[in-house]
Amino acid sequence: MKRICVYCGSSPGFDPGYMAMAQQLGQALVDRQYELVYGGAAVGLMGQVADTVMRAGGVVIGVIPKALAHKVSHQGLTQLHVVASMHARKTMMFDLADACIALPGGFGTLEEVAEFLTWAQLRLHTKPCGLLNVAGYFDLLLAFLDNAVAQGFMKQAHREMLLVATTPQEMLTRLEGYTAPVVEKWVEPQK
Ligand code: AMP
């Protein structure tokens, strides 16, 4: 793995612990010599991760749609790609990265993680994906996914593709050790 895509809130969140974790993640990426790929904004947790990596001497590649570029784009990155649409942006972020990590966020973050995992369970790729579960922020989402397995809408092996950790170091170690499951997507009806 060389580049890691970070999906995260374009807001800072109310608890200062979220921004602090964004900073810790940025530092851990540089410490382990990973380049950062992210959504190219200067705001919220997104801006914090990027600022930290840049300050620590790392490499940051931002990808932002032109509709957002004039409002929130970060002007101090190693590279900033301005693309035509949100879809083009997600495709480019995915193509550039070898793995993804999500920090707390809203719909945008959820959507990006869900798409990454949707493609993984169809075996369109074998890249790992992790959630940095800051102060239990993702607990309800993880409970939802367990219920999806219990109700026959998701396989346990696919549920387990989503790696969970509470520190950046643990997260990176889990991504590095990941092997993608070889399992059909569809859940058979119970006999
Ligand atoms: P959200 O979690 O809803 O704040 O959305 C954040 C995620 O969606 C990021 O990982 C971005 O890739 C994308 N995104 C949503 N809103 C913005 C924004 N204002 N500027 C840049 N990217 C955004």
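**Exercise 1: Strand pairing**

Strands E1 and E5 (residues 99–102) pair in the parallel sense over 4 bridges, where strands are DSSP runs of E with at least two residues, numbered from the N terminus, and pairing requires at least two DSSP bridges. The model is predicted, with local features needing pLDDT of at least 70 and side-chain atom pairs 80 or more, while totals for chains, interfaces and linings use all residues. Residues are numbered from 1 along each chain as its sequence is written, and side-chain values use heavy atoms, without hydrogens and water.

Task: identify the bridge partner of Cys5 in E5, then describe the pairing of E1 with E2.

Solution. Step 1: Cys5 is bridged to Cys100. Step 2: E1 also pairs with E2 (residues 35–38), in the parallel sense over 3 bridges. Step 3: in E2, Glu35 stands opposite Arg3.

**Exercise 2: Burial**

Task: determine how many residues of strand E1 (residues 3–7) are buried, and whether Gln48 is buried or exposed.

Solution. Step 1: buried means under 20% relative accessible area and exposed over 50%, with partly exposed in between (1.4 Å probe, protein chains only). Step 2: in E1, 4 of 5 residues are buried. Step 3: Gln48 has a relative accessible area of 15% and is therefore buried.

**Exercise 3: An exposed leucine**

Task: classify Leu124 by its relative accessibility.

Solution. Step 1: Leu124 lies in the loop between helix H5 (107–121) and strand E6 (129–132). Step 2: Leu124 counts as exposed because its relative accessibility is 60%.
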